[in-house]
Amino acid sequence: AAAATAAAKGNGGGGGRAGAGDASGTRKKKGPGPLATAYLVIYNVVMTAGWLVIAVGLVRAYLAKGSYHSLYYSIEKPLKFFQTGALLEILHCAIGIVPSSVVLTSFQVMSRVFLIWAVTHSVKEVQSEDSVLLFVIAWTITEIIRYSFYTFSLLNHLPYLIKWARYTLFIVLYPMGVSGELLTIYAALPFVRQAGLYSISLPNKYNFSFDYHAFLILIMISYIPIFPQLYFHMIHQRRKILSHTEEHKKFE
Amino acid sequence: MKHYEVEILDAKTREKLCFLDKVEPHATIAEIKNLFTKPHPQWYPARQSLRLDPKGKSLKDEDILQKLPVGTTATLYFRDLGAQISWVTVFLTEYAGPLFIYLLFYFRVPFIYGHKYDFTSSRHTVVHLACICHSFHYVKRLLETLFVHRFSHGTMPLRNIFKNCTYYWGFAAWMAYYINHPLYTPPTYGAQQVKLALAIFVICQLGNFSIHMALRDLRPAGSKTRKIPYPTKNPFTWLFLLVSCPNYTYEVGSWIGFAIMTQCLPVALFSLVGFTQMTIWAKGKHRSYLKEFRDYPPLRMPIIPFLL
């Protein structure tokens, strides 16, 4: 969910987004060249499609099973594939075809990848938890909107509805995602402790120790300073960008 | 002799902050900063950035008014650099911390390890040696700060002290915890490994000190001149033939030596992080040398001979 929100700040995915996150006109720098633009359009279309596959997969599994429990298993593979694929977005920033900070994008994508692989995949007992569904739904809706936003921006043809959705739905989706993530990590704790997962204790010849259980608790604590900052930044962005467009519409 | 008039505007708001008349043509920016402080005492000279263009580069303290591209009424733009702290203060604080903190772990002060280990001593020679090396390293740094280094800038932003101290103190505690732990495992290759590592450490510490002395001798006390450093009679300085910043090269070497000596992963990680930061600094320094001196020796690399 951290990724969801900061993504709405205008990082990751495809370019076509100038400084303040308003892609419809206030472009100060020149955008990516034609080849990079074509690549980014393809990238963002593929990602939109991928997350739609996940969305459809969830709906079909729900209808087939008749319940919303343990739906994770039906979309596990595309979820892993497309969320991990987002690592490319770090590369996009690094080579400059997307005008976002490498550090910020890395942080966002890594936090998602961490949740998918180092928590949900690694602690099998947690995969049937309802909290997993909570963040998967939040991420799915967010990403479908985000990647289509980038696609349209790159093509200079952004429907107001997409812009509105991107800067409004987060109000519910972000807390929803964060709740799902925190509950999942919390559910994983006893199993991590029991199995000593990813942990190393003294003595050993490299004189190093790592307690994954304690690390996960630290991660959960870190949500406390980070979540409000990102959330209120998004609220601020929303006021700036949506009112700006309203004014433009008045003068048309 | 005609006098200048200097008006100082806020770079962001363009508000007129100060008007100085009868300014000497050969007045320096430093002197103007002192004049500016009088009506605005909260903006002491170290926190003033004065420039000719609101978005341009800061003027240097040594720049002379009549040599600047201004008319007899000069307009300067002011930016507040924020609270400043002297480099010396920052260095002393960030180095004193690790020295003290490591010793807390070495002496196994209560509440770090289990109560049965309070104030006990390690039975491994290497642990005592490591304490001597670590302490020596930071004492050397403190003494160099007080007596050797000649700083170009007096101050840096205040927030840096929090950032820097977290880094140095945090890593010192992390390393010291493991090296002085009752369950510490000495190096795999025993005394041989420790002797080799100690040799590397000592050589690199001597090297690092030699470079600091050579750099100090390049610049007379109180001046801010910059010259190309060259090898001297001291063999440790011959590394200048191959790198621009051999002080960083030797520093990385010292920490690699310490890592081999203690065979402790956190030490290796600290060395890696330090190496990354020093490489960034070395590349910057190297670029400045190249820009400033046409005849800069082409064989030199920033930090690692021939490679980086």
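## A first look at chains A and B

In chain B, B:Arg226 and B:Glu292 make a salt bridge, with their closest N and O atoms 2.9 Å apart. B:Arg226 sits in the loop between α5 (190-218) and α6 while B:Glu292 is in helix α7, so the pair ties together parts that are 66 residues apart in sequence. A salt bridge here is a side-chain nitrogen of Lys or Arg within 4 Å of a carboxyl oxygen of Asp or Glu. Helices (H or I, at least four residues) and strands (E, at least two) are DSSP runs, numbered from the N terminus.

Before going on, some ground rules: this is a predicted model, where local features need pLDDT of at least 70, side-chain atom pairs count only at pLDDT 80 or more, and totals for chains, interfaces and linings use all residues. Residues are numbered from 1 along each chain as its sequence is written, chains are lettered from A and ligands numbered from 1 in the order in which they are written, and side-chain values use heavy atoms, leaving out hydrogens and water.

**Salt bridges**

The whole structure has 10 salt bridges over all chains. Here are some from chain B:

| Pair | N to O distance |
|---|---|
| B:Arg226 and B:Glu292 | 2.9 Å |
| B:Lys140 and B:Glu144 | 3.2 Å |
| B:Glu7 and B:Lys16 | 3.8 Å |

How open are these residues? Buried means under 20% relative accessible area, exposed over 50%, and partly exposed in between (1.4 Å probe, protein chains only). B:Arg226 is partly exposed at 43%, and B:Glu292 is partly exposed at 38%. Over in chain A, salt bridges with shared partners link A:Glu89, A:Arg112, A:Glu143 and A:Arg146 into one network. Back in chain B, B:Glu7 is buried at 17%, whereas B:Lys16 is exposed at 53%. B:Lys140 and B:Glu144 are both buried; they lie 4 residues apart in helix α3, about one turn of the helix.

Chain B splits into domain 1 (4-82), domain 2 (84-185) and domain 3 (187-307), with bounds from an automatic or database domain assignment. Taken over C-alpha atoms, the centres of domain 1 and domain 2 are 41 Å apart.

Helix α3 (residues 125-147) also gives 4 residues, the largest share, to a nonpolar patch. B:Val88, from helix α2 (residues 87-106), belongs to that surface patch too, along with B:Val139, B:Leu143, B:Leu146 and B:Phe147. Patches like this take residues with over 30% relative accessible area and no salt bridge, joining like charges within 9 Å and nonpolar side chains (Val, Leu, Ile, Met, Phe, Trp, Tyr) within 5 Å. B:Val88 counts as partly exposed at 32%.

B:Phe111, between α2 and α3, is exposed at 71%. B:Gln263, between α6 (246-262) and α7 (265-292), is buried at 11%.

**Chain A and where the chains meet**

Chain A has 9 helices and 0 strands, and 48% of its 252 residues are buried. One thing to look for is the cis peptide bond from A:Leu202 to A:Pro203, with omega near -10 degrees. A:Pro203 is in the loop between α8 (170-195) and α9 (212-250).

Which chain gives 12 residues to the contact, and which gives 8? Chain B gives 12 and chain A gives 8, where contact means heavy atoms within 4.5 Å. Between the two chains there are 0 salt bridges.

Technical notes:
Areas by Shrake-Rupley, 256 points an atom, 1.4 Å probe, with all protein chains shown as cover.
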